[in-house]
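Please look through the aromatic rings of this model and at what surrounds them. My notes are set out below as numbered points.

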Amino acid sequence: MEQKEPIRNILKMHAISSGFAGALVSIFIPIYLLTLGHSLKEVMLFLITHNVILFTSAFGAVFISNKVGLVRTLWIRFGFLFLYLFLLYLLQTKTGFPLYLVAIVGGIEAAFYWIPLNVLFTRYAQTKAMAKQMSHFFVLPEAAGLFAPLIGGFVAALLGFPALFVFAFFVNALAIGFLRGLTQEKTHFQFSFKRFKEIWQRNKIYFVSEFFDNITEETVGIIFPIVAYMSLLSVTDVG
């Protein structure tokens, strides 16, 4: 298989799953929880739990990648993603399972996505075309998700949030197909605090800027939709 074909599969999967499907539902999850009667405090605790689990599960994703490979770890991720969407769907049935359980599953699926994805992209990216492929890695998901919030808002307003989660389920099922063209890549990650300290000291400015960039993204992507919804009271307007 040519080197360019795996990178195309990675970019297509990333654009569909993270770009379109992610933008389709992500900003509406806090709003969905509010419509179910959860308080703003509970929603914020849900989001905090999700992000804390994402960080801690990254170490688990590294361990699993060492054991079964990067592509199989992505398959596991999709399993957690479908479970996450299913649990979100079940919340409206008042089954009584704790909200933090949904946040935990969501955090795990995110960690099991970003760790193997970034490593696979780095391995398959062509040196001569690195700049172009890197731009595609960032731009294609943004382009794919450009109108996704608007579509998600209409689906949620017309058919309800459960229908939105079902829609996202099938979109992600489509993205899985691109994993079939990828070979099983083994990894041998070894975490070292000494090595991390050396990297931190050499690249401190990049770590700090990335930290604040993530805070900005969280504010715009999560806090703003909540404020907009509480002001406008319309999921279509938020989309």
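The points that follow go from ring pairs to a charged side chain and its partners.

1. Before anything else, please keep in mind that this is a predicted model, in which local features need pLDDT of at least 70 and side-chain atom pairs count only at pLDDT 80 or more, while totals for chains, interfaces and linings use all residues. Residues are numbered from 1 along each chain as its sequence is written, and side-chain values use heavy atoms, with hydrogens and water left out.

2. A pair of aromatic rings is described by the distance of the centres and the angle of the planes. Rings of Phe, Tyr and Trp (its six-membered ring) pair if their centres lie within 6.5 Å, and planes under 30 degrees apart count as stacked, over 60 as edge-to-face and the rest as tilted. The structure holds 9 aromatic pairs. In one of them, the planes of Tyr32 and Phe165 stand at 75° with the ring centres 4.9 Å apart, so this pair is edge-to-face.

3. This pair links distant parts of the chain, since Tyr32 belongs to helix α2 (residues 29-35) and Phe165 to helix α8 (residues 161-176), 133 residues apart. Helices here are DSSP runs (H or I, at least four residues), numbered from the N terminus. Tyr32 is buried at a relative accessible area of 1%, and Phe165 is buried at 3%, where buried means under 20% relative accessible area, exposed over 50% and partly exposed in between (1.4 Å probe, protein chains only).

4. Phe78 and Phe82 form a tilted pair, with 6.2 Å from centre to centre and 45° between the planes. Both lie in helix α4 (residues 70-91), and because they are 4 residues apart, about one helical turn separates Phe78 from Phe82. Phe78 counts as buried at 1% relative accessibility, as does Phe82 at 17%. Ring pairs also join Phe78, Phe82, Phe169 and Phe170 into a cluster.

5. Which ring has the charged end of Arg77 4.1 Å from its centre? That ring is Tyr113, and Arg77 also lies over the face of Phe78, at 4.7 Å from the ring centre. A charge sits over a ring if NZ of Lys or CZ of Arg is within 6 Å of the ring centre and within 35 degrees of the ring normal.

6. Glu109, in helix α5 (residues 99-124), counts as buried at 9% relative accessibility. Its side chain is joined to that of Arg77 by a polar contact of 3.0 Å, a term for a pair of N or O atoms within 3.5 Å; within protein, one must be able to donate a hydrogen and the other to accept it, and residues adjacent in sequence count only if both atoms are side-chain atoms.

Conventions. Helix = DSSP H or I, 4+ residues; strand = E, 2+ residues; numbered from the N terminus.
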